Amino acid sequence: MSTLLRHRHATAPRHPRPHVPSPHTTLVEHHVIQGDHAHLATLAHALRNRAKDHSGHLGEVQFHHEMDRVHLVRLWRGPTELRAFVEEAHPDLLAYRRDSGSFPTVERTLWWSDAGANVTLLEAVERSSHLREHGPGPRAFTLASPVPA
């Protein structure tokens with residue numbers, strides 16, 4: 001009887017497990033915000049301060065402000081924490097809309113990285129481009145797409 005059970009378990013279909021962050025894995029976010037340059041610095045400042053106070057935020061590794069665009073590259077414990085941050089930041093976007101008359105354009109690209117790995121703005125821009133061209137996958141994904149294993 002035990003032979004049949006072993007055989008049965010050996011041939012049972014395996015379901016892929018969702019990615020569970022380990023202490024050695026971090027969620028990297030490349031967040032690009034584009035909008036009215038007169039109000040963008042205020043929004044970026046509010047979002048950066050809010051992230052610093054969020055328990056799921058592990059740190060900001062890149063910040064680049066162009067005239068009408070801000071690039072933020074940040075590390076998070078996982079997608080649940082990032083999703084909570086996004087929901088909590090909604091008042092900041094509403095304040096931007098009130099002040100500028102429109103919502104900013106927001107693009108967010110995510111990927112898993114080894115904790116302690118060097119993440120550059122160039123890598124973030126390349127992954128965002130890959131996501132736009134090829135859609136979500138292991139190299140780059142969004143909060144709305146399944147987090148790859």
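Which residues does H31 touch, not counting residues up to four places away in sequence? In the predicted model described here, H31 touches L47, V70, H71, L72, R74, V106, E107 and R108, where contact means heavy atoms within 4.5 Å.

Residues are numbered from 1 along each chain as its sequence is written, and side-chain values use heavy atoms, with hydrogens and water left out. Because the model is predicted, local features need pLDDT of at least 70 and side-chain atom pairs count only at pLDDT 80 or more, whereas totals for chains, interfaces and linings use all residues.

The protein contains five helices and four strands, which are DSSP runs numbered from the N terminus (helices, H or I, at least four residues; strands, E, at least two). Along the sequence these elements follow the pattern α-β-α-β-β-α-α-β-α. Of the 149 residues, 34% are buried, the term denoting under 20% relative accessible area, with exposed meaning over 50% and partly exposed in between (1.4 Å probe, protein chains only). The accessible surface comes to about 9300 Å², and 55% of this surface belongs to carbon and sulfur atoms; accessible areas come from the Shrake-Rupley method with a 1.4 Å probe, and for residues only the protein chains shown count as cover. Among contacts between residues at least 6 apart in sequence, 69% join residues at least 24 apart.

The four strands form an open sheet in the order β2-β3-β1-β4, with antiparallel pairing. Because β2 (57–65) and β4 (105–114) stand at the edges and each has a single partner strand, one side of each is left without a neighbour in the sheet. Neighbouring strands are turned by 15° against each other on average, direction ignored; the axes are lines fitted to C-alpha atoms, for helices over the stretch in contact, and angles run from 0 to 180 degrees between N-to-C directions. Two strands are taken to pair if DSSP finds at least two bridges between them. Strand β1 (residues 25–34) and strand β3 (residues 69–76) are joined in the antiparallel sense over eight bridges. Within this pairing, V73 in β3 is the bridge partner of H30, and L27 stands opposite W76. Strand β3 also pairs with β2 in the antiparallel sense, over seven bridges, and L72 in β3 is the bridge partner of F63. A hairpin of three residues joins β2 to β3. Strand β3 is mostly covered, with seven of its eight residues buried.

H31 counts as buried because its relative accessibility is 4%, and its side chain is joined to that of R108 by a polar contact of 3.2 Å. A polar contact is a pair of N or O atoms within 3.5 Å; within protein, one must be able to donate a hydrogen and the other to accept it, and residues adjacent in sequence count only if both atoms are side-chain atoms. H71, found in strand β3, is likewise buried, at 8% relative accessibility. The side chain of H71 makes a polar contact with the side chain of H30 (3.0 Å). Beyond residues up to four places away in sequence, H71 touches H30, H31, V32, Q62, F63, H64, E66, L121 and V125.

In soluble globular proteins, nonpolar side chains tend to be buried together. A nonpolar core is here a set of buried Ala, Val, Leu, Ile, Met, Phe, Trp, Tyr and Cys residues joined through side-chain atoms within 4.5 Å. The largest such core has 18 residues, of which L27, I33, L47, W76, L82, F85 and L110 touch the most other members. At least two residues of this core are supplied by each of β1, α2 (37–52), β3, α3 (79–88) and β4, and the largest share, five residues, comes from α2. A second, separate core of six residues includes V73, L75, W111 and V119.

Leaving aside neighbours within four places in sequence, L47 is in contact with H31, I33, R74, F85, A89 and D92. D92 is found in helix α4 (residues 90–100) and is buried, with a relative accessible area of 13%. D92 and T42, 50 residues apart in sequence, lie 9.2 Å apart in space, C-alpha to C-alpha.
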